[in-house]
Amino acid sequence: MPSPPNPLSLFCLLLLCFPLAVFFTATTNSKPNVSQTPDAPILNIPIPTAIVAQSVAFFDVHRNRKNFHRYVLSRTEDDDVLFRVASRVKTKPKSPRKIAFLFLTTTPLPFAPLWEAYFNQAPKNLFNIYVHADPRFSYDPPFAGVFFDRIIPSKHTMRYSPTLISAARRLLAHALIDDPSNYMFALLSAACIPLHSFNFTYSTLIPSAKSFIEILKHEEWTYDRWAARGPEVMLPEVKLEDFRMGSQFWALTRKHARLVVNDQKLWSKFKLPCVCKYTCYPEENYFPTLLSMWDPKGCVPATLTHVDWTGRDDGHPRTYNASEVGPELIESMRNRRPRYGDEEINGSDWRLNNGRQDPFLFARKFAPDALQPLMSIAGGVILRD
């Protein structure tokens, strides 16, 4: 009578069968069924980014540990799965290094023709585009040109809520999984424009070993922002002295992108709803607080997206309309100097200490009617360095 199989033989059999299971699962899910709904037309566009959702098998053979990553392609909308897989990608990017442009929007991109000209002058193997488009809104005309087929599975976003953080994290996760060459991740809005050519932007961001993110400590509204969810709700994970503010728009290295999608500790606090709406801007607090707590020396404490807050107290920066657009405006934005954190921490001495002045690469906020005058100076000014 044959002896029953021992546990080791059963384990080996399962290990041999595992790749076949992955293959058939991937084949089954290779053409996802996307439901069509009248209020979410953007989700009818094919999604290029493959989201990975499967386990990691480990075993030891004579103390040699080998990792077997088995990824099944699917269009998951489960953020926990998405972030878990994205946090496991390799830190070191493949060559050539690329910039991942992350567009966060609730409208058709009004400056798509300008961005089209910007990307058309760039080598195709040096960048990727990802768009998070709130499915509640209509996108007419639909995304086309360089933006066609670049929309990730998106969820609704709302001001005064953590949904804008979620959207940015979702963009980072998709970009991390989609291409191992993505090295620098730049977050942009529909109201953003480039201030320089792609080559200038690439030569500024890619050589950097640090992220560019505004990190401010001693701001007037720091306590109110920290207590927006209720007094002491942020404790013990985020103490008031650790809380930071900064621009919503940044450029993060691959290392820091992985840190963001892997974070659960700070996210457990920042995802809580605010009880005081008008001091609730989580997207301007979460990212600078996280990076300041975990790797402040790995950051240049400034944003490279120009914005004018002069005289504004309503949460909206100055919006430039068509009559204001001209070569002088672009040159003045290029010549401005970023604000480097707080005075006692890297502040006004940052440029002197590092022997450089970082240029603004993007600018906001522009009204849709500014497209025509922007296009008229695109070739001779904006995209010419």
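Predicted model: local features only at pLDDT ≥ 70, side-chain atom pairs only at ≥ 80, totals over all residues.
Which residues does threonine 157 touch, not counting residues up to four places away in sequence?

## Around threonine 157

You'll find threonine 157 in the loop between β6 (127–133) and α4 (163–178). Leaving aside residues up to four places away in sequence, threonine 157 touches Thr106, His132, Asp134, Arg136, Thr163, Leu164 and Ala167.

Is threonine 157 buried or exposed? Its relative accessible area is 9%, and buried means under 20%, so threonine 157 counts as buried.

## One face of helix α7

Next up is helix α7, which runs over residues 254–262. Its buried residues are Arg254, His256, Ala257, Val260 and Val261. Looking down the axis of α7, you'd see these buried residues fall within an arc of 160 degrees, so they line one face of the helix.

## Gaps inside

Rolling a probe the size of a water molecule over the atoms shows where empty space is left. Here the count comes to 2 cavities of 30 Å³ or more. The largest cavity has a volume of about 70 Å³. Of the 13 residues that line the largest cavity, Trp250, Ala251, Leu304, Thr305 and Phe362 are the closest to its centre.

What is that lining made of, by class? The lining of the largest cavity has 11 nonpolar and 2 polar residues, with no charged ones. Strand β7 (residues 182–189) gives the most to this lining, with 3 residues.

Key
Residues numbered from 1 in each chain as written. Heavy atoms only, no water. 1 Å grid on protein atoms, 1.4 Å probe; cavity = no way out; pocket = protein on both sides within 12 Å on 5 of 7 lines; lining within 4 Å. Points joined across faces, edges and corners; volume = space filled by probe spheres on them. Helix = DSSP H or I, 4+ residues; strand = E, 2+ residues; numbered from the N terminus. Nonpolar A, V, L, I, M, F, W, Y, C, P; charged D, E, K, R; others polar. Buried < 20%, exposed > 50% of the residue type's maximum accessible area, 1.4 Å probe, protein only. Arc of directions from axis to C-beta. Contact = heavy atoms within 4.5 Å.
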